[in-house]
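Here's a quick briefing to read alongside the model. Have the sequence and the 3D view open as you go.

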Amino acid sequence: MYTRTLSDMVRRRGADGRIPVHTLDRGASSSAAAAEPAGYSGGSYDTSLLVKYEHHVARHVWFGEERGPKKELKVAGHGLKLTSRVPLALPPQMESWVSRSGLSSLQRTSLNKIDTNLVSAFVERWHIETSSFHMPFGEMSITLDDVACLLHLPIRGIFWSPEDVIEELAVELAVDYLRVSQGQAQSHVRSCRGSYYKLEWLYDLFVHHRAASSWAYATRAYLLMLVGSTIFADKTFTLVEARYLLLFRDLDGCSGYSWGAAALVTLYRYLGDASMYSCKQLGGYPTLLHCWIHEYFPTVGKRGENWKPADNCGLPRAMRWSYRQGVLKVDELRPILDELTPADVIWRPFEDHRAWCVFDEICLYRGCLKWGEIVVPYLPDRCLRQFGYRQYVPSPPLDCMMATDIDVDWISYHQSVIAVIGSSTVATTPSDAVDGYLEWYYCVSHPRLVPPHRDAPREVPVPVYDVGPSDPDWARVSTLIHLYLRQVNAEEEDPQFSDLFEALHISRSH
């Protein structure tokens with residue numbers, strides 16, 4: 001779907017897979033010519049942005065090197081377990097606390113299973129430096145607005161800075177806040193080989209305390225089991241960190257946290273780990289990533305729908321989706337993602353959800369997010385098209401290691417919002433970007449994962465996309481057709497929808 005290529009952006013590799021600096025021509029930026037080390041084939045030519053690219057899975061995939069016998073990641077999903085562990089209704093005494101905590105939506109949002117191949121294909125495009133997926137047409141990310149709409153978690157609130165929890169303290173916390181005996185707590189923590197609790201143990205405590213009408217203890221065990229199975233899921237599949245029990249000491253006060261930021265920080269951390277070639281497993285809440293893909297990329301992957309957006313009754317948007325077994329493996333999905341264009345993206349999928357989840361300008365905050373000791377950059381200026389703004393060449397990413405006043409920056413978010421949108425304008429088309437954006441992007445990123453010909457000199461042409469209908473009426477026609485095809489899960493090879501796909505292509509050409 002490319003209309004032409006720019007030959008001045010083609011680079012050829014040396015024997016070591018790097019791009020010799022002397023091959024950079026006048027079209028490259030001056031910083032690219034000065035960058036050390038030299039760029040990588042199929043990847044960044046200016047290595048000042050993606051400084052960890054040498055260890056990134058994308059670099060290895062370009063040369064046909066897989067993570068291992070299994071190309072896809074192992075993904076920690078607890079959807080099926082939660083189906084059996086979350087009751088249809090909680091006792092009123094518990095329901096009040098769970099509802100006020102801001103976490104009640106997590107009881108029903110998890111997909112029963114995760115398409116590990118689909119998720120893995122997107123993880124291969126994540127970069128820890130930019131907190132974004134590097135797609136062939138630019139960067140995209142999971143934003144605070146996405147978390148708010150998909151999970152209905154509160155995004156405003158305070159960050160959490162916990163104290164260290166060693167095994168002895170994990171025991172004391174269980175005694176004080178989960179009402180277990182000293183001996184039982186010691187035996188359990190010892191069996192976890194660290195400051196953890198088993199999710200199954202927490203569920204059993206919840207059942208026991210509920211039967212005994214010990215509502216506060218039952219609620220703490222339940223909430224800790226819930227977050228340990230969703231937004232704080234780790235790569236063990238069975239444990240949750242004991243320090244998270246500190247969040248629920250005061251059941252009347254835990255509503256003040258930014259649970260949306262907590263979910264995002266945790267997922268960003270695990271995405272960063274999993275994007276490295278040596279990592280073979282993804283932690284965090286995979287349902288959040290999986291449903292994000294379904295919302296933005298209607299032509300990628302298989303999915304089932306529980307209801308249409310028009311029939312939405314205010315439920316979290318993640319509940320719209322149900323799992324369907326994907327038919328494509330991760331290596332088959334790579335070239336499909338390589339060929340995606342801006343027209344294949346629903347850039348603002350939640351506009352029909354605003355009656356239940358109003359857009360909050362804090363989602364445009366540019367700065368660091370933190371949860372516990374984890375600090376990640378949150379950079380909406382790199383994915384402005386998801387907010388309805390024209391994409392410009394973003395500023396260099398933040399160095400979160402140097403951030404000292406994150407809580408203050410978060411409270412005074414207005415200043416960063418003004419800086420983010422003050423340099424842009426409202427998009428005239430959904431994928432609107434400034435001239436030169438793609439040329440810059442192809443200098444600093446790896447826009448493709450699969451070389452056109454494995455044995456040929458590596459060439460990475462810069463595509464120039466058809467930006468879509470310039471006439472607003474044709475743009476409206478294009479959008480309506482696209483939305484309908486998306487709602488019915490239509491595929492282009494299906495003869496039943498061939499005429500509509502032809503009409504879509506015609507509308508986009510005007």
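Predicted model: local features only at pLDDT ≥ 70, side-chain atom pairs only at ≥ 80, totals over all residues.

Residues are numbered from 1 along each chain as its sequence is written, and side-chain values use heavy atoms, with hydrogens and water left out.

- Strand E13 (residues 367-371) pairs with E14 in the antiparallel sense, over five bridges. Strands here are DSSP runs labelled E, at least two residues in length and numbered from the N terminus, and two of them pair if DSSP finds at least two bridges between them.
- Look across the pair and you'll find cysteine 368 opposite proline 377 in E14.
- Two residues sit between the strands of this hairpin, and glycine 372 takes a positive phi near 65°.
- Five of the five residues of E13 are buried, so that strand is mostly covered. Buried means under 20% relative accessible area, with a 1.4 Å probe and protein chains only.
- Strand E14 (residues 374-378) is largely enclosed by the rest of the structure, because four of its five residues are buried.

**The E5-E6-E7 sheet**

- Three strands make an open sheet in the order E5-E6-E7, with antiparallel pairing.
- Its edge strands are E5 (126-127) and E7 (138-140), each pairing on one side only.
- E5 and strand E6 (residues 132-135) are joined by two bridges in the antiparallel sense, and tryptophan 126 stands opposite phenylalanine 133 in E6.

**Cavities**

- How many cavities of 30 Å³ or more does the structure hold? There are three. A cavity is a set of points on a 1 Å grid over the protein atoms alone where a 1.4 Å probe fits but cannot get out, and lining residues have an atom within 4 Å of a point. Points are joined across faces, edges and corners, and the volume is the space filled by probe spheres set on them.
- The largest cavity has about 60 Å³ of space, and its lining includes Thr130, Ser132, Tyr268, Tyr378 and Arg382.
- The second largest cavity holds about 50 Å³. Among the residues lining this second cavity are His78, Ser110, Ile114, Ser229 and Tyr285.

Technical notes
Buried < 20%, exposed > 50% of the residue type's maximum accessible area, 1.4 Å probe, protein only. 1 Å grid on protein atoms, 1.4 Å probe; cavity = no way out; pocket = protein on both sides within 12 Å on 5 of 7 lines; lining within 4 Å.
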